[in-house]
Amino acid sequence: MTATDPVANLQTLIRCPSVTPAEGGALTALEAMLAPLGFKTDKVKASEAGTPDIENLYARLGGDGPHLMFAGHTDVVPVGDEAAWTHPPFAAEIAKGELFGRGAVDMKGGIACFVAAVARHIEKNGPPAGSVSFLITGDEEGPAINGTIKLLQWAAERGERWDACLVGEPTNPDSLGDMIKIGRRGSLSGKITVHGVQGHAAYPHLADNPVRGILQLTQALMDPPFDGGTDDFQPSNLEVTTIDVGNPATNVIPAKASASFNIRFNDSWTVETLRAEILRRLDAAARDGALRAGREPVKYDIAWADRPSHVFLTRNNALIASLSSAVENVTGRSPKLSTTGGTSDARFIKDYCPVVEFGLVGQTMHMVDERVAVADLETLTAIYETFIARWFANAGS
């Protein structure tokens, strides 16, 4: 195997069954690809009570000069029903021009291509005029507690500083060159619980049904809209994701009812102002409605989920222009600059340096028969190779 071949790189990585939190040999395989290129590598294990230990990898080539980081994850989601796969999920088989396997696009494929791009750059030009590093976690698909956030802290404590970062997530919806992510919406979750009085369904005057209250409160959360969107972000959107009373009996009025929600929010809000608005809506709905006419206002509790994600937007012109021009040069497409979608580890990296995301087409990620076109691996490698050259040229000017 040569590190300049993205297909061989990806097959090696897929054949490592690194379902979160297992390392599965993937970081060891990546280390074996990078060491011959001159990278100094460190495996870093992170721990926290109540969570599984996670192995991570940091690798750096170079010393002084501009420092470009590539970030990603080798952990993958479970395969689901293995019998439903056309090809075994960890065999990395190629059929009809497509490479099958869990992690093919999310996101071992992006890592394989960036390794190949760096190897080709070194082969043609020698080491970059600065530093290149890989920050690779095994916890992106899991709770994201012992992965990127702790690896960044570990590296920063040892004096590492970065000028820009590219995350290799599969950002393209249909074809390579469609989309670069230059930011992400924030994410905030919570759970509200309405307290009633349990009783017999035939004697409602002796009980207080909390279902009435939970419906009032959830309606207040979802309507009216929080905003109409901004220049860079789509409208903030709250979804109620569960409603539960924990009651299997049809003739019993439950004692309490709970509802969980998640809101993806734009730069009209911070976590603090959003929490205040949610509480304002809930208080108004609770005050204005009772569980039954003549009763006290609705009584509720709210519990906020830990570790909300903050909204961010990257405005680094050198980084965005270098990547956009590389995409256009290789594919002929002018990529859309987007902030859509869910969260990624870029939400941690933005606290250390400007960050953008660009990778493969994500149509099959997390699916049975996850796969990538072999031709796309070569195209993405060419984009990354062009980007590396242009970013260092711009950073050094």
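One term before we click on anything: a residue is buried when its relative accessible area is under 20%, exposed when over 50%, and partly exposed in between, using a 1.4 Å probe and protein chains only. You're looking at a predicted model, so to speak of local features here takes pLDDT of at least 70, and side-chain atom pairs count only at pLDDT 80 or more, while totals for chains, interfaces and linings use all residues. Residues are numbered from 1 along each chain as its sequence is written, and side-chain values use heavy atoms, with hydrogens and water left out.

**Stop 1: the whole thing**

Show the C-alpha trace, which fills a box of roughly 80 × 50 × 40 Å along the principal axes. Of the 397 residues, 52% count as buried. A contact, from here on, means heavy atoms within 4.5 Å. Among contacts between residues at least 6 apart in sequence, 80% join residues at least 24 apart.

**Stop 2: the cores**

Select Phe114, Phe134 and Phe358: in the largest nonpolar core, with its 58 residues, these touch the most other members. A nonpolar core here is a set of buried Ala, Val, Leu, Ile, Met, Phe, Trp, Tyr and Cys residues joined through side-chain atoms within 4.5 Å. Helix H3 (residues 108–125) supplies the largest share of this core, nine residues. In soluble globular proteins, nonpolar side chains tend to be buried together.

Now zoom in on phenylalanine 134. What is phenylalanine 134 in contact with, leaving aside neighbours within four places in sequence? The list is Leu34, Phe39, Leu57, Tyr58, Ala59, Phe70, Phe114, Val115 and Val118.

Then jump to Leu188, Ile214, Phe265 and Ile278, which are among the 23 residues of a second, separate core.

**Stop 3**

Two packed helices are described by the angle between their axes and the distance between the axes. Axes are lines fitted to C-alpha atoms, for helices over the stretch in contact, and angles run from 0 to 180 degrees between N-to-C directions. The angle also gets a name: under 35 degrees is roughly parallel, over 145 roughly antiparallel, 65 to 115 roughly perpendicular, and the rest oblique.

Start with H3 against helix H9 (residues 374–395): the angle is about 55 degrees and the axes are 8 Å apart, so the two are oblique to each other. To see the contact, pick residues including Cys113, Phe114 and Ala117 in H3, and Leu377, Thr381 and Tyr384 in H9.

H1 packs on H9 at about 115 degrees, with axes 9 Å apart, which makes H1 roughly perpendicular to H9. Here Pro6, Val7 and Leu10 of H1 meet Val374, Leu377, Glu378 and Thr381 of H9.

Finally, bring in helix H7 (residues 317–331), whose axis comes within 8 Å of the H9 axis, crossing at roughly 140 degrees; H7 and H9 are therefore oblique to each other. Among the residues in this contact are Leu319, Leu323 and Val330 of H7, and Ile383, Phe387 and Trp391 of H9.

**Stop 4: leucine 377**

Stay in H9 and select leucine 377. Buried or exposed is leucine 377? Leucine 377 counts as buried, because its relative accessibility is 0%. Beyond neighbours within four places in sequence, leucine 377 contacts Pro6, Val7, Leu10, Leu99, Gly109, Cys113, Leu360 and Val372.

**Stop 5**

Go to the loop between strand E5 (98–100) and H3, where methionine 107 sits. The peptide bond from aspartate 106 to methionine 107 is cis, with omega near -15 degrees.

Another cis peptide bond joins aspartate 223 and proline 224, with omega about 5 degrees. Proline 224 is in the loop between helix H5 (210–222) and strand E12 (237–244).

Last, look at alanine 92, in the loop between strand E3 (67–73) and strand E4 (94–95). Alanine 92 isn't a glycine, yet has a positive phi of about 55 degrees. At 1% relative accessibility, alanine 92 counts as buried. Arginine 307, also not a glycine, has a positive phi near 55 degrees, and lies in the loop between strand E15 (299–304) and strand E16 (312–313).

Methods
Helices (H or I, at least four residues) and strands (E, at least two) are DSSP runs, numbered from the N terminus.
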